[in-house]
Amino acid sequence: ADRSAPINIDILMAKIRKEVAEARPLNSLHQLELGKLHRFSIDGQIDPFLDKGWAEADEHYRWIEGNSAKLNLPIKTDLTNFRLSIFAHSMNGEMHPYQDVFVTWNNNPIAEWRISHRAFFHALILNHDPEMELQSLEFICPTAVSPRSCGESDDPRLLAIAIHTLAIHPI
């Protein structure tokens with residue numbers, strides 16, 4: 001490699017962020033704070049909980065890239081019932097006016113949403129097992145499309161929904 005060539009810092013930082021995201025084990029010191037709004041933006045607090053299927057954060061949100069994305073959420077509480085709330089929007093086009101999203105909590109279905117515009121979406125999490133230290137929240141999006149196919153840009157990635165915020169409230 002030519003070591004005298006200038007380094008593009010943006011490309012280097014993107015590569016480092018990707019490698020760290022793929023290699024990072026969940027830090028047991030991080031706990032998901034119940035009742036708090038967690039942002040998916042560049043300066044958001046959700047990064048320690050990301051698993052597979054997430055694009056790099058944009059200024060205000062983060063896309064689900066591909067047909068599913070997962071969060072691993074360390075929640076320690078004796079409470080058993082919660083309300084999940086997200087603020088999101090979808091990748092839409094003339095042939096794809098909405099995105100169907102299936103939501104699971106520890107592999108159990110909790111919601112089916114049809115997302116076509118920016119809005120809040122809610123689901124109930126009932127009978128949470130307080131013995132489990134790590135909770136799995138997955139968004140399954142079978143109709144993800146590329147911005148290219150929607151006429152939005154030349155971006156070929158499959159995108160489904162962009163999540164702005166998430167909160168889990170005890171009920």
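This is a predicted model: local features need pLDDT of at least 70, side-chain atom pairs count only at pLDDT 80 or more; totals for chains, interfaces and linings use all residues.
Start by selecting strand 6 (residues 99–105) and strand 9 (residues 134–140): they run antiparallel and are joined by 4 bridges. Strands here, like helices, are DSSP runs numbered from the N terminus (E, at least two residues, for strands; H or I, at least four, for helices). Two strands count as paired if DSSP finds at least two bridges between them.

Residues are numbered from 1 along each chain as its sequence is written, and side-chain values use heavy atoms, with hydrogens and water left out.

You have an open sheet of 4 strands in the order 4-9-6-7, with antiparallel pairing. Strand 4 (68–74) and strand 7 (108–115) are its edges, each pairing on one side only. From one strand to the next, the twist averages 20 degrees (axes are lines fitted to C-alpha atoms, for helices over the stretch in contact, and angles run from 0 to 180 degrees between N-to-C directions).

Stay here for a salt bridge, meaning a side-chain nitrogen of Lys or Arg within 4 Å of a carboxyl oxygen of Asp or Glu. Show the side chains of Asp100 and Arg114, which meet at 2.8 Å, N to O. Asp100 sits in strand 6 and Arg114 in strand 7, 14 residues apart.

**Strand 5 and its partners**

Next, select strand 5 (residues 82–90), where 7 of the 9 residues are buried. Buried means under 20% relative accessible area, exposed over 50%, and partly exposed in between (1.4 Å probe, protein chains only). Strand 5 runs antiparallel to strand 8, with 7 bridges between them; Ile86 has Phe121 of strand 8 as its bridge partner. Strand 5 also pairs with strand 10 (residues 159–170) in the antiparallel sense, over 9 bridges, and there Leu84 has Ile168 as its bridge partner.

**Into the core**

Which residues have the most contacts inside the largest nonpolar core? Select Leu71, Leu84, Trp113 and Phe139, from a core of 34 residues. Such a core is a set of buried Ala, Val, Leu, Ile, Met, Phe, Trp, Tyr and Cys residues joined through side-chain atoms within 4.5 Å. Its largest share, 5 residues, comes from strand 10.

**Links across the chain**

The whole structure has 6 salt bridges. One of them joins Glu138 and Lys52, at 3.1 Å from N to O. Glu138 lies in strand 9 and Lys52 in the loop between strand 1 (38–39) and strand 2, so this pair ties together parts 86 residues apart in sequence. Buried or partly exposed? Glu138 is buried at 12% relative accessibility, whereas Lys52 is partly exposed at 39%.

Then move to Arg157 and Glu65, whose closest N and O atoms are 3.8 Å apart in another salt bridge. Arg157 is in the loop between strand 9 and strand 10 and Glu65 in strand 3 (residues 62–65), so the two link parts 92 residues apart in sequence.

**Last stop**

Finish with Trp54 in strand 2 (residues 54–57). Trp54 is buried, with a relative accessible area of 12%.
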